[in-house]
Amino acid sequence: TRHVAFSSPLLRDAGYINGVWTPGDAAAKTFDVLNPATGELLASLPDMGAAETRAAIDAAYAAQPAWAARPAKERSQILRKWFDLIVANADALAAILTAEMGKPFPEARGEILYAAAYIEWYAEEAKRIYGETIPAPSQDKRMIVIKQPVGVVGTITPWNFPAAMIARKIAPALAVGCTVVSKPAEQTPLTAIALAVLAEQAGIPAGVFNLIVGLDGPAIGRELCGNDKVRKISFTGSTEVGRILMRQCADQIKKVSLELGGNAPFIVFDDADLDAAVEGAIASKYRNAGQTCVCANRLYIQSGVYDAFAAKLAAKVADMSVGDGFRPGVEIGPLIDEQGLAKVEDHVGDAVAKGAKILTGGKRIDGAGTFFAPTVLTGVTRDMTVAREETFGPVAPLFRFETAEDVITQANDTEFGLAAYFYAGDLKKVWRVAEALEYGMVGINTGLMSSEMAPFGGIKQSGLGREGSRHGADDYLEMKYLCIGGL
Ligand code: ADP
């Protein structure tokens, strides 16, 4: 299966504009997509930019009224067909995903099904975009609220979940009658291409879903934000780029949904089930080699169980299998690129220089590919870089704490507010801590909480809006108040 990405029937070496696979300007440049586990070339794609983005926006704008006018049930059925095709092709999609992104094949397959679940969910929700009637203040009036699609949506997504991040945006947008111009990350455009191939097969009409592939994110982003035919930007990625996009959207008061960085605390109290907490920490910290915005970034362990937790965690982590995601049994794949690896090395180096101890791991793995050994650090303190910045790698830094008040203060001492986790037994403490954590999502006695049925999103500088659940559709809808008089 190694070379499937070269020959998969689900791939094209083109973007997708107005229902046509577009190789870009004939004289134009191309860019390479590499396998991070081996460094080998997977594909060479047209390097599209502002001109192609504009053409895609025009197509989306022209297609939007007819798409919105279709009965909700028809949009629902087309999305449902797309879901069925994704599930039927899950292995082929997962192989493309592992090849370009590196996560272990079973994890990639899990992501494909997770992405598909958003499409299934919003195929169902498409039929439930309810309005409202309001009691009128006088006998001759009636007051009604209807919901309408915002219009053309531009989406920009990252490489860590090449399928799920796109599905989370496109599914609700298409369900409610928006059309989309989508730009995947330059590292992982192949999964997006394969999803678009299946969208075409599902009967999504020309212009409704357009895909721009290219290296120049800033140029594509400027066109999406500056073009007044685009009514909304939905972005997942770094807080830094989120700020740029929000500024660029200010001129036209363009709506934005932002899923940005996190700095998730993972708290283990003395009365926690320690084995469950270790399992949860592994799931939350090492999934996707630590490259998710909801990965535990700071682990706070109460002093009564600190040493026991550290020993149990380190023993499990030392046994984790690292390697090419296509090798059976591998649990940790490569980091996405050299830059990602350098950041992890930097965070570990800084912690060790300031007194942290390495219980296991702590270094890159020599040879081809960008691999870092899964790591546990003890004796971590708040003056270290790992306390403030998202590491985005397989490193668990363990901080020691004494009281609930103290750990809540430390956990909230960040500009981020995406996900938090804690393990505790006492019900009173569970409720108090859950309320006190300044985060959009809190996992209690669990390290995994994402679901298409739940609202995913952050507070503070982690973002705006929610993805998934019945609330996720609101990000793509406008409310219109109708007042009928003279009755
Ligand atoms: P990551 O650290 O996950 O790569 P980024 O925020 O840099 O996060 O990238 C997320 C997405 O944003 C990618 O698709 C990338 O190409 C795109 N991007 C990067 N810079 C900009 C920009 N200035 N304007 C628009 N999109 C950008």
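Tutor: A crossing is right-handed if the near helix is turned clockwise from the far one by less than a right angle, and left-handed if anticlockwise. By that rule, α10 and α11 cross right-handed. This is a predicted model: local features need pLDDT of at least 70, side-chain atom pairs count only at pLDDT 80 or more, and totals for chains, interfaces and linings use all residues. Residues are numbered from 1 along each chain as its sequence is written.

Student: Why is α10 called oblique to α11?

Tutor: Helix α10 (residues 274-286) and helix α11 (residues 306-318) pack at about 50 degrees, with axes 10 Å apart. Under 35 degrees is roughly parallel, over 145 roughly antiparallel, 65 to 115 roughly perpendicular, and the rest oblique. The pair is therefore oblique. Angles run from 0 to 180 degrees between N-to-C directions, and axes are lines fitted to C-alpha atoms, for helices over the stretch in contact.

Student: Which residues make that contact?

Tutor: L274, A277, V278, A281 and I282 come from α10, and A308, F309, K312, L313 and K316 from α11. Contact means C-beta atoms, placed from the backbone, within 7 Å. The contact divides into eight nonpolar, no polar and two charged residues.

Student: What makes α3 oblique to α7?

Tutor: Helix α3 (residues 72-88) and helix α7 (residues 189-202) pack at about 130 degrees, their axes 8 Å apart. That angle makes the pair oblique. The crossing of α3 with α7 is right-handed. On α3, I78, K81, W82, L85 and I86 meet L198, A199, Q201 and A202 of α7. Seven of these residues are nonpolar, one is polar and one is charged.

Student: Why is α3 called roughly antiparallel to α5?

Tutor: Look at the angle. The axes of α3 and helix α5 (residues 105-125) come within 8 Å and cross at roughly 165 degrees. That value makes α3 roughly antiparallel to α5. Here α3 passes in a left-handed crossing.

Student: Which residues of α3 meet α5?

Tutor: S76, L79, R80, W82, F83, I86 and V87 do. Their partners in α5 are I112, L113, A116, I119, E120, Y122 and A123. By class, the contact has eleven nonpolar, one polar and two charged residues.

Student: What makes β14 and β20 edge strands?

Tutor: Seven strands form an open, mixed sheet, ordered β14-β17-β18-β13-β12-β19-β20. Strands β14 (357-360) and β20 (441-444) each pair on one side only. The twist averages 25 degrees from one strand to the next.

Student: How do you know that β17 and β18 pair?

Tutor: Pairing takes at least two DSSP bridges. Strand β17 (residues 375-380) and strand β18 (residues 395-401) share four, in the parallel sense. V376 stands opposite A396 in β18. Helix α12 (residues 338-353) packs on the sheet, touching β14, β17 and β18, and its direction makes about 35 degrees with that of β18.

Student: Which residues come nearest to the ligand?

Tutor: Of the 14 residues around the ligand, these are G217, G221, G237, S238 and V241. A residue counts as near if its C-beta atom, placed from the backbone, lies within 6 Å. Helices α8 (217-226) and α9 (239-250) each supply at least two residues of the shell. The shell has seven nonpolar, five polar and two charged residues.

How values were computed
Nonpolar A, V, L, I, M, F, W, Y, C, P; charged D, E, K, R; others polar. Contact = placed C-beta atoms within 7 Å.
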